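Please take a moment to look over the sequence and the model before reading on. The paragraphs that follow move from single residues to the packing around them.

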Amino acid sequence: MLAAVLIGLSATAEGTAAPSGAASAYSNLDQSLGQIAAQTPADGLVRLHVVAGDDSDAAQQLKLVVRDAVLIRAQSLLADCPDAETAFARLTDALDELEQAAADTAGSNHAVRAETGVFPFPDRDYAGVTVPAGDYRALRIVIDGGGGRNWWCVLFPTLCTATDGHSALADWLSEFFGGDPS
């Protein structure tokens, strides 16, 4: 839902008509961001970490395809989550399902492991906003032992940016962590 809200906010910013219910969407977004702001950054986020088997082009491409399959399933699970605690619990409860989605996508020639926990993350830049290094709750997908390059994102709240590279969430993250979201 947050992704749809952000897309709607972007459309409004671009001068096109906002979807019906835009006032409600703004209110829901403000409420969600307010809940997150009351927590430490690590407490308010749930991240995704996908690790490729190696650094070959084929392994890196597989990592992205698996990422997409996991994101589709995770977005469905997290669509109406009120907070990071609930989001993390849902991901943990659906771990077997998420691992199966990754394994089905990777194919039988690749070992896939899904796990949830608290893992260290480096600084990451999202649309000009840096989410600081630290220990974050996360869903981690490891392909073929995980010896390759990584892919990271924020699963909750969904860190989505519109095609123009701007989102209301990026604005909020900028205020919280510093940086220039534009």
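This is a predicted model: local features need pLDDT of at least 70, side-chain atom pairs count only at pLDDT 80 or more; totals for chains, interfaces and linings use all residues.

A disulfide is a covalent bond between the sulfur atoms of two cysteines, and a search through the whole structure finds zero disulfides.

What, then, makes up the largest nonpolar core? It has 28 residues, and those with the most contacts inside it are Leu 48, Leu 91, Leu 139 and Ile 141. At least two residues of this core come from each of β1 (46-51), α3 (57-78), α4 (84-93), α5 (95-106), β2 (112-121), β5 (134-143) and β6 (150-156), and the element that gives the most is α3, with seven residues. Ile 141 shows how such a residue is surrounded: setting aside residues up to four places away in sequence, Ile 141 touches Leu 48, His 49, Val 50, Val 51, Val 66, Val 70, Ala 102, Val 112, Arg 113 and Ala 114. Apart from this core lies another one, of nine residues, among them Leu 45, Phe 119, Phe 121 and Val 154.

Helix α4 deserves a separate look. Its buried residues are Ala 84, Ala 87, Phe 88 and Leu 91, and they lie on the same side of α4 because they cover an arc of only 95 degrees around the axis. An α-helix has 3.6 residues a turn, so residues three or four places apart point the same way. The buried residues of α4 pack against β1, α3, α5, β2, β5 and β6, whereas the face turned away from the buried side carries the exposed residues Glu 85 and Asp 93. At the start of α4, a side-chain oxygen of Asp 83 comes to within 3.3 Å of the backbone nitrogen of Glu 85.

Is Gln 60 buried or exposed? Gln 60 is buried, since its relative accessible area is 10%. The side chain of Gln 60 is joined to that of Lys 63 by a polar contact of 2.5 Å, and, when neighbours within four places in sequence are left aside, Gln 60 is in contact with Ala 52, Asp 54, Asp 55, Gly 148 and Arg 149.

Conventions:
Residues are numbered from 1 along each chain as its sequence is written. Side-chain values use heavy atoms; hydrogens and water are left out. A nonpolar core is a set of buried Ala, Val, Leu, Ile, Met, Phe, Trp, Tyr and Cys residues joined through side-chain atoms within 4.5 Å. Buried means under 20% relative accessible area, exposed over 50%, partly exposed in between (1.4 Å probe, protein chains only). Helices (H or I, at least four residues) and strands (E, at least two) are DSSP runs, numbered from the N terminus. Contact means heavy atoms within 4.5 Å. The arc is that of the directions from the helix axis to the C-beta atoms. A polar contact is a pair of N or O atoms within 3.5 Å; within protein, one must be able to donate a hydrogen and the other to accept it, and residues adjacent in sequence count only if both atoms are side-chain atoms. A disulfide is a pair of cysteine sulfur atoms within 2.5 Å.
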